[in-house]
Amino acid sequence: MRRSASLQSLLIYGLSGPIIALNVWLLSVVFNYFQHPITILSVAAILAFLLNYPVKFFQRARITQAQAVIVVLLVTLTLVVVLGVTLVPMLIDQTIQLLNKIPDWLTSSQRNLEQVEALARQRRLPLDLSVVSTQINANIQNLVQQLASGAVGVAGTLLSGLLNLVLVVVLAFYMLLYGDRVWLGLVSLLPANIRKPLTTSLRLNFQNFFLSQLLLGLFMVVTLTPIFLVLRVPFALLFAIVIGIGELIPFVGATLAIGLVTILVLLQNWWLAVQVAVTAILLQQVKDNLLAPKLLGDFIGLNPIWIFVAILMGFEIAGLLGTLVAVPIAGTIKGTFDALKTGQSGEFVSPFTITYESDCDEDHKT
């Protein structure tokens, strides 16, 4: 009996690795084949998750669900139009100026390295930075060319982007109205003991995670922009938004964005780059130690190692979209299994439900 049990456990653990690898590869293939519709549906679902909070707020004023959804979408579209008219052209202009100025910054950085090398020779220090500077300049120039070609491609697909935006808004509108019914039909295919913990964990992880990351990213943008302006950092708004967008990727996104901005500023002025790095890191520590625990709490409950693993797997499967949804998906899986182990499944509530919670419970009972 012991040998058979040990053999069974050995087979389970031995086959789990290849099975997981096969599933990851299969998901990657499926995503690459259906990349566009999956991306549209995912972005629309995330938008519906975020807009669910203001919809609930308006429903407290005793208006119908459809009216609340329409009001929230109109307000959202108004904000998007205002940002598209004011902020987006400014960011595009700063991006073009940055791409044009990087070659000049490379030239100035080359002179700075030559001055450092000359100073080292005067002090009889064996320092040779010619190979390093040549390699760095070559890599950055290649990166600039790729960014420039990518910018041209994005400009050429502007109409497609607007169409995708319309599709996302329309899908989010219908998800807010009828998403609970669709979700109820999907989870009805699952065993009864999985439905409640899965929906509870999904709503908790996705809604709280994206709302928290969005607020933390907004905090970085709002605080860094005036500080960069005071420090006279070039392209202050663009660099602050880059760091704020990096905040959407947990743990590593903001650090990578700060490193990128620091390197770009370093090409022009090393002392200014030091001030930028110190300021951004200090604000990041404030965010991580004061704001993030209050916003995020421990609702994900994942070990940091597994978070990094989830991010890497998400990037391998679905690129940037995978990195954004990897952590809440991993948290949903863990929350579901924990609830199944403890037997505390919670109440069955659709992640898109706004006013139909009691209806869903009645349908579930039947």
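The model is predicted, so local features need pLDDT of at least 70 and side-chain atom pairs count only at pLDDT 80 or more, while totals for chains, interfaces and linings use all residues. Residues are numbered from 1 along each chain as its sequence is written, and side-chain values use heavy atoms, with hydrogens and water left out.

**Stop 1: helix 6 and helix 7**

Select residues 192-230 for helix 6 and 236-246 for helix 7. Helices here are DSSP runs (H or I, at least four residues), numbered from the N terminus. Their axes lie 8 Å apart, at an angle of about 155 degrees. Axes are lines fitted to C-alpha atoms over the stretch in contact, and angles run from 0 to 180 degrees between N-to-C directions. The two helices are therefore roughly antiparallel (over 145 degrees). The crossing is right-handed: the near helix is turned clockwise from the far one by less than a right angle.

Now show side chains. On helix 6, pick G217, M220, V221, L224, T225, F228 and L229; they meet A236, L237, F239, A240, I241, I243 and G244 of helix 7. Contact means heavy atoms within 4.5 Å. By class, this contact has 11 nonpolar, 3 polar and no charged residues. Ala, Val, Leu, Ile, Met, Phe, Trp, Tyr, Cys and Pro count as nonpolar, Asp, Glu, Lys and Arg as charged, and the others, Gly among them, as polar.

**Stop 2: helix 7 and helix 8**

Helix 7 passes helix 8 in a right-handed crossing. Highlight F239, V242, I243 and G246 on helix 7, then G253, A254, A257, I258, V261, L264 and V265 on helix 8. The class count is 9 nonpolar, 2 polar and no charged residues.

**Stop 3: helix 6 and helix 10**

Return to helix 6 and bring in helix 10, 304-342. Their axes come within 8 Å and cross at roughly 145 degrees. This crossing is right-handed. Contact residues include N193, P197 and F206 in helix 6, and V325, P328 and I329 in helix 10. The contact divides into 14 nonpolar, 7 polar and no charged residues.

**Stop 4: the second largest pocket**

Center on F206, V325, I329, A330 and I333, which lie nearest the centre of the second largest pocket among its 45 lining residues. Its volume is about 1,800 Å³. Helix 10 gives the largest share of the lining, 18 residues. Helix 1 (2-33), helix 2 (35-59), helix 5 (158-187), helix 6 and helix 10 each supply at least two. Color the lining by class: 36 nonpolar, 7 polar and 2 charged residues.

Methods
Parallel < 35°, antiparallel > 145°, perpendicular 65-115°, else oblique. 1 Å grid on protein atoms, 1.4 Å probe; cavity = no way out; pocket = protein on both sides within 12 Å on 5 of 7 lines; lining within 4 Å. Points joined across faces, edges and corners; volume = space filled by probe spheres on them.
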